[in-house]
Amino acid sequence: MSKISLTSILFLAIFLLGIADLSAQNISLNKTSTLIQPPYLKVGDTVAIVAPSGILKNRNPEIEKAKSLLKSWGLHTVVGKHVFNQANHFAGTDDERCEDLQNALDDPKISAIWCARGGYGAVRILDKLDYTKFKMNPKWVIGYSDITALHSQIHNEGFESLHAMMCTSLQDDAETIKETISTFKKALFGTPLSYTLKGSSYNKTGTTTGELIGGNLSILQTMLGSKTIMNTSGKILFIEEIGEYKYHIDRLLQSLKRAGYFDNCKGVIIGDMTKIKKNTTPWGTSIEQLILDVLSDYDFPVAFNMHAGHAKDNRALILGRTVDLTVNTGQSTIIFNN
């Protein structure tokens, strides 16, 4: 066989293998399935408090308040042995934070895992976690912000999770976070959730149904290209952010858009965009218009004014649960299917 013929055959084989691999990836990314719901909590159940991310320096009072809150609901609490450890930026070393979370995932007596705070650090332990025992005894994993990384992974493992307040949310007076606490309890104990959102002239009207996924915008963007990226096909995406410049929010959204993140979405819900920084060069439009400009190529509904994220009014969202979303300029509604 000539060198030219052999080379041609090799190139053809490589090409065909590449096509097959790409097709397999597309099938994997586009597959959808109903996520498994962990059992709702009942009086007498136990909640584990862990700290998979930022340091909890001088945060003992909030953890005590969290324990008292759970006790008032008839629940027991166990606190991870490394929660108050300090390893530079983090609540303990990667191995220590992973150990607490892994123990809670594995323990069949634990009914929910409540993250003490966000910050940064969860991504560093994602690939250390084993969900074998968790799958035999699934439980609610609770948190927001940096905990979006865990939500993404748990979602891909096939389970619902809870985007809701964390222990450090209790630094605020209980009355000022009344709805935050109330909706958290409802979600934990299985009381049906539904929200009516204040209207907005920026709303992109329409009606749709799909699984709700998402979380913090920065964390969603950092999951691109990894096995922890969320599958957005046929889903309704929720996003929120804090402390960023408008140009950076645009950068994050453009990055997701270029990766095809919105191509097969059924809707987008915009949570709180808090503490937006002012740049020396003004962006020139509102944050709402910025978001609409990025999403202008899509015909799905977009709802603003969901009270969820880094504001004090941070209402619980069951990620992975099917919701009915109706968006009008006067108001929007989100109804969780039980």
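Helix α5 (residues 148-157) lies across strands β7 and β8 (235-242) and runs at about 120 degrees to β7. Angles are taken from 0 to 180 degrees between N-to-C directions of axes fitted as lines to C-alpha atoms, for helices over the stretch in contact; helices (H or I, at least four residues) and strands (E, at least two) are DSSP runs numbered from the N terminus. The model is predicted, with local features requiring pLDDT of at least 70 and side-chain atom pairs counted only at pLDDT 80 or more, whereas totals for chains, interfaces and linings use all residues. Residues are numbered from 1 along each chain as its sequence is written, and side-chain values use heavy atoms, with hydrogens and water left out.

Strand β7 belongs to an open sheet of 7 strands with mixed pairing, in the order β6-β13-β12-β7-β8-β9-β10. Strands β6 and β10 are the edges; each has a single partner strand, so one side of each lacks a neighbour in the sheet. Pairing requires at least two bridges found by DSSP between two strands. Strand β7 (residues 206-216) pairs with β12 (residues 322-327) in the antiparallel sense over 6 bridges, and Thr 207 has Thr 326 of β12 as its bridge partner.

Helix α6 (residues 178-189) comprises 12 residues and spans 17 Å from first to last C-alpha, close to the expected 16 Å, the expectation being 1.5 Å times one less than the number of residues. Its buried residues (under 20% relative accessible area, 1.4 Å probe, protein chains only; exposed is over 50%, partly exposed in between) include Ile 181, Phe 184 and Leu 188. The buried residues of α6 pack against α2 (60-72), β3 (110-115), β4 (140-143), β5 (161-163), β6 (194-198) and β11, contact being defined by heavy atoms within 4.5 Å. Gly 190, which follows α6, has a positive phi near 90 degrees.

His 310 is located in the loop between β10 (302-303) and β11 (317-319) and counts as partly exposed because its relative accessibility is 22%. Beyond residues up to four places away in sequence, His 310 touches Tyr 144, Ser 145, Asn 216, Glu 240, Ile 242 and Thr 274. The C-alpha atoms of His 310 and Ser 145 are 7.6 Å apart, although 165 residues separate them along the chain. Polar contacts (N or O atoms within 3.5 Å; within protein, one able to donate a hydrogen and the other to accept it, with sequence-adjacent residues counted only if both atoms are side-chain atoms) join the His 310 side chain to those of Ser 145, at 3.0 Å, and Glu 240, at 2.8 Å.
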